[in-house]
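Please look over the sequence and the 3D structure shown here before reading the notes on fold, cross-link, backbone and core.

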Amino acid sequence: MINDASVTVGNDFTAGANGHTALDNALYAGDAVKVTVTWKIQDNSGPGTDTSYPIEVRSVGFSVLPAETNPVPLAATLTSAWCTGITSSTSTCTAEINFYAPAAIGGYVVEIEAADSVTGSGSNTALNGRTHVISFSVELLDETVQPKETKLTVDPKCVLFNGDVNLTATLEELAGGAKIENADISYEIDSILAGSAVTGANGIASLPYNVTGLGAGDHILYAEFSGSYEYLKSNDTNTLGISYLFMGFGQPINGDGSSIFSGRVVPIKIKLVDAFGLPVTDAEPTVWLAPYDTIEGVGEELKQVSSVAASDTDNVMRYVPEDRQYVYNWDTKDLENGTYAVVVELGDSPTCRTENPYAIITVAKKGGRK
């Protein structure tokens with residue numbers, strides 16, 4: 001479990017002052033703890049004081065360290081620290097401190113130490129070595145409290161090739177369906193860790209993710225809650241589908257089905273782009289033929305087409321860089337005259353693309369087979 005705590009430090013790290021703040025959250029042995037600390041740094045320069053460094057005080061650095069008074073060693077890390085209002089006399093700074101609650105019951109402290117980056121004898125250098133203590137206690141877990149069973153539901157996702165998606169999963173109590181807040185959910189795609197997110201009040205953990213590097217098609221999306229002293233672990237699996245954006249058939253095929261071909265070759269051209277509108281150059285779309293009826297629509301039986309071009313392989317369309325499109329020169333030599341659906345399988349997500357794109361054409365070869 002991750003215990004989140006937000007602490008506002010009353011001490012302003014002014015010259016010659018240290019401070020102390022107590023962490024009210026109850027911590028249990030082994031808990032992963034994230035403490036968000038906010039404090040202010042004041043510009044100590046003023047009338048009658050050394051004003052050689054009135055601004056640099058806002059560039060002060062910070063470190064976090066366990067106090068020597070702890071009964072057992074405590075490893076804590078300062079993951080980030082940033083300040084705002086650097087042009088004013090007072091700057092507001094924030095830091096995130098991460099540590100695991102020790103196994104031993106008792107009281108502990110973590111110290112934040114200021115280290116002014118300014119050198120010299122000005123008043124601001126008095127910040128060096130100023131500390132603020134965050135104290136907390138590790139309590140005995142009540143073993144009579146049985147953890148509750150949970151249900152994790154990961155949502156299926158569809159996203160365009162190279163695009164962005166929010167991976168979402170909902171954690172709730174199995175009995176009653178109450179949503180569980182502040183729980184850490186980890187995500188994997190095809191058994192590779194994608195990241196983690198914390199559930200909100202609605203029980204949903206949302207992880208922004210970019211699918212660049214993942215090929216088009218269906219991928220296994222897995223989410224897991226590892227459990228805590230209050231809740232048992234749970235997991236779920238679903239599909240992350242990645243699709244190309246099909247930009248339509250190019251000429252000489254008309255989108256309204258009015259195209260009539262009397263020659264032996266029908267040029268088939270399509271364009272595929274990614275989420276940013278950039279051409280997809282490494283897809284392998286294939287061309288198929290199906291009977292078409294104005295009442296029944298596209299027939300179920302697909303026939304692999306053949307090409308007259310030596311550069312074509314089987315029924316796989318080839319990419320033409322100068323035109324930024326895929327091309328296939330379909331040979332209609334052995335085809336009877338009639339109306340057909342030219343179907344293109346793009347080779348992307350079958351889950352997210354429920355229907356392959358197709359174009360209606362009429363073959364009317366002079367003297368051709370009827």
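The briefing below begins with the chain as a whole and then takes up single sites, grouped by topic.

This is a predicted model, in which local features need pLDDT of at least 70 and side-chain atom pairs count only at pLDDT 80 or more, while totals for chains, interfaces and linings use all residues. Residues are numbered from 1 along each chain as its sequence is written, and side-chain values use heavy atoms, with hydrogens and water left out.

**Overall make-up**

- The protein chain has 27 strands and zero helices, where helices (H or I, at least four residues) and strands (E, at least two) are DSSP runs, numbered from the N terminus.
- Of the 370 residues in the protein chain, 41% are buried; buried means under 20% relative accessible area, exposed means over 50%, and partly exposed lies in between (1.4 Å probe, protein chains only).
- Among contacts between residues at least 6 apart in sequence, 65% join residues at least 24 apart, a contact being heavy atoms within 4.5 Å.

**The disulfide and its surroundings**

- The structure holds one disulfide, a term used here for a pair of cysteine sulfur atoms within 2.5 Å.
- This disulfide is formed by Cys158 and Cys352, whose sulfur atoms are 1.9 Å apart, and the link is left-handed, with -90° about the S-S bond.
- Because Cys158 lies in strand β11 (residues 157–160) and Cys352 in the loop between β26 (338–345) and β27 (358–363), the pair ties together parts that are 194 residues apart in sequence.
- Cys158 counts as exposed, at 52% relative accessibility, whereas Cys352 counts as partly exposed, at 23%.
- Ser243, in strand β17 (residues 234–243), is buried with a relative accessible area of 8%.
- Not counting residues up to four places away in sequence, Ser243 touches Val159, Leu160, Phe161, Asp348, Ser349, Cys352 and Arg353.

**Backbone features in loops**

- The peptide bond from Gln251 to Pro252 is cis, with omega near 15°, and Pro252 is placed in the loop between β18 (245–249) and β19 (259–261).
- Asn182 is not a glycine, yet has a positive phi of about 60°; Asn182 is found in the loop between β12 (164–173) and β13 (184–189) and is partly exposed, with a relative accessible area of 30%.
- Asp190, although not a glycine, has a positive phi of about 55°; its place is in the loop between β13 and β14 (192–198), and at 32% relative accessibility Asp190 counts as partly exposed.

**Nonpolar cores**

- The largest nonpolar core has 50 residues, and those with the most contacts inside it are Ile185, Tyr187, Ile268 and Trp330; such a core is a set of buried Ala, Val, Leu, Ile, Met, Phe, Trp, Tyr and Cys residues joined through side-chain atoms within 4.5 Å.
- A second, separate core of 20 residues includes Leu23, Ala76, Ala101 and Phe136.
- Leaving aside residues up to four places away in sequence, Ile268 touches Phe249, Ile253, Val287, Met317, Tyr326, Val327, Tyr328, Trp330 and Val342.

**Leu272**

- Leu272 is found in strand β20 (residues 265–273) and counts as buried, at 2% relative accessibility.
- Beyond its neighbours within four places in sequence, Leu272 is in contact with residues including Tyr244, Leu245, Phe246, Leu278, Pro279 and Tyr326.
- The C-alpha atoms of Leu272 and Arg324 are separated by 8.6 Å, while the two residues are 52 residues apart along the chain.

**The enclosed space**

- Rolling a probe the size of a water molecule over the atoms shows where empty space is left.
- A search of the whole structure finds one cavity of 30 Å³ or more; on a 1 Å grid over the protein atoms alone, a cavity is a set of points where a 1.4 Å probe fits but cannot get out, and lining residues have an atom within 4 Å of a point.
- The largest cavity has a volume of about 40 Å³, the volume being the space filled by probe spheres set on the points, with grid points joined across faces, edges and corners.
- Leu23, Val35, Ile97, Phe99, Val110, Ile134 and Phe136 line the largest cavity, and β7 (90–100) and β9 (131–139) each supply at least two residues of that lining.
- The lining of the largest cavity divides into seven nonpolar, no polar and no charged residues, where Ala, Val, Leu, Ile, Met, Phe, Trp, Tyr, Cys and Pro count as nonpolar, Asp, Glu, Lys and Arg as charged, and the others, Gly among them, as polar.

Notes
1 Å grid on protein atoms, 1.4 Å probe; cavity = no way out; pocket = protein on both sides within 12 Å on 5 of 7 lines; lining within 4 Å.
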